[in-house]
Amino acid sequence: NAKGITFDATTGVLTVQAGAVSKVLYVKAVATVGDETLTSRVKVNVHGLSFAFGSNDPSDDSFTKVTAADAYSDKIGYGFDDTSVVTSEESDVKGTAAYRFKAKVPNGNYVVKVTTSSATMTSEVVEGVAATTGITKTGTQFNVAVCDGVLDLTFESGSTLSDLTITQAAAKAALAKPAVYAIGDSTTNNNASGNISWGNRVGNGVAVPDTFSSFSNNGMAGRDSVNFYNLGRVETVLLSVCPGDYVTVNMGINSKEAGESASYYTLLNNYYVEGIIQRGAIPVIVTATPLGFSSSQYPYNASTGKFTVNRGTGAYNGDLRKIAQSHNLNIIELGYYFEDYFNSLTAEDVAAYNAENGTSFTSQVELVKSWYGDHNHYKQYLADKIGSYILDSVSKIAGGSTEFNQANDTHINEQ
């Protein structure tokens, strides 16, 4: 008698159709083995992703009734994180403190519609990582990218919640030519104090290879892995990518949030990289840009005439390599590539640069220093070099090259 729910006793398959009425069912299986009869009875809680809150029964039988007593469990698949701070009224629930509702869903992108008095909400808190306060949401409808199998929403203290509907976003198809997205900090997106980063030069000095349809620079200066996540910058990429698109992933010169260092690997691996993979896009790990010159950094040895700009395992390079190795990803070793490039420069190269640019540098180190604003940030000439190398490398990867696969990275075990 359950609307939208059928059970085939022959095959043992329970089918739940869209619009099925929420219901608790018991499925009983009986088997005879010789003289012995085996019986198993399983409780099945069938519910959709439309929820009506409060003590009254929903007027629409496609909605699942939720009261303040309904605690979340993986088995039930929905409920409140802490029922002690929620009270039921007739047609809604109310929080005596900030309260969180959770629904178990497949990883993916969702459209959420909600009726609440909460002026703002936060979604997708990473449990176990205290610094991730969640992504701010406002209004009655918004999108959410789920990476951990649970869609969560936290509402303000004193606010009411009447109903909530979660709908999977329309599936995206691969583009005729993939797009490229960039995730990063100021070494990816920055044009302050006379410096400019490689992402800012794409389309304005650095051409997008014909392999790709477009380039989207999602880097943001001054961010670390935690506040980049909290600001919804990762989610923006996850909501935008199509299957087959490429996403360069680098985040590492900053560590500002309390606990960011301890949470870096979890966030980058589980929510950045795995989130990209879940959506059919292709992450490409990019290690930190080559170390530059400042009052605290001088990566050149005058006695050997050699630059050392690779940063080693610093700027989270070690964690980035570990992630690339664990997922068998492609990895672009920026620091080592440009260390080799700087060390290949000759006096003739300096003279040629002077002739082309009207400068008068007298040594390789003097020339390279001129390409930097400080040890993290750099100027247009180096930005163009870095941008061209990254996009050309991703183009090779898209063409089937295994040159950048982690298995072929001689530095992959520097973790």
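Predicted model: local features only at pLDDT ≥ 70, side-chain atom pairs only at ≥ 80, totals over all residues.

Visitor: Which residue is the bridge partner of Ser 50 in β16?

Guide: Thr 165 is the bridge partner of Ser 50 there.

Visitor: And β5 and β6, do they run parallel or antiparallel?

Guide: Parallel; strand β6 (residues 64-66) is joined to β5 by 3 bridges. In β6, Val 66 stands opposite Phe 53.

Visitor: Which residues of β5 are on which side?

Guide: Strand β5 covers residues 50-53, with Ser 50 and Ala 52 on one side and Phe 51 and Phe 53 on the other. In a regular strand, side chains alternate between the two faces of the sheet.

Visitor: Are those four buried or exposed?

Guide: All are buried, and both faces of β5 are covered.

Visitor: How many residues line the largest pocket, and which lie nearest its centre?

Guide: The lining has 17 residues, and Asn 109, Ala 170, Ala 171, Lys 172 and Arg 279 are those nearest the centre.

Visitor: What's the lining like by class?

Guide: The lining of the largest pocket has 9 nonpolar residues, 6 polar and 2 charged.

Visitor: Which element gives the largest share of the lining?

Guide: β11, with 3 residues. β11 spans 108-116, and both β11 and α3 (233-240) supply at least two residues each to the lining of the largest pocket.

Note on methods:
Residues numbered from 1 in each chain as written. Heavy atoms only, no water. 1 Å grid on protein atoms, 1.4 Å probe; cavity = no way out; pocket = protein on both sides within 12 Å on 5 of 7 lines; lining within 4 Å. Nonpolar A, V, L, I, M, F, W, Y, C, P; charged D, E, K, R; others polar. Buried < 20%, exposed > 50% of the residue type's maximum accessible area, 1.4 Å probe, protein only. Pairing = 2+ DSSP bridges.
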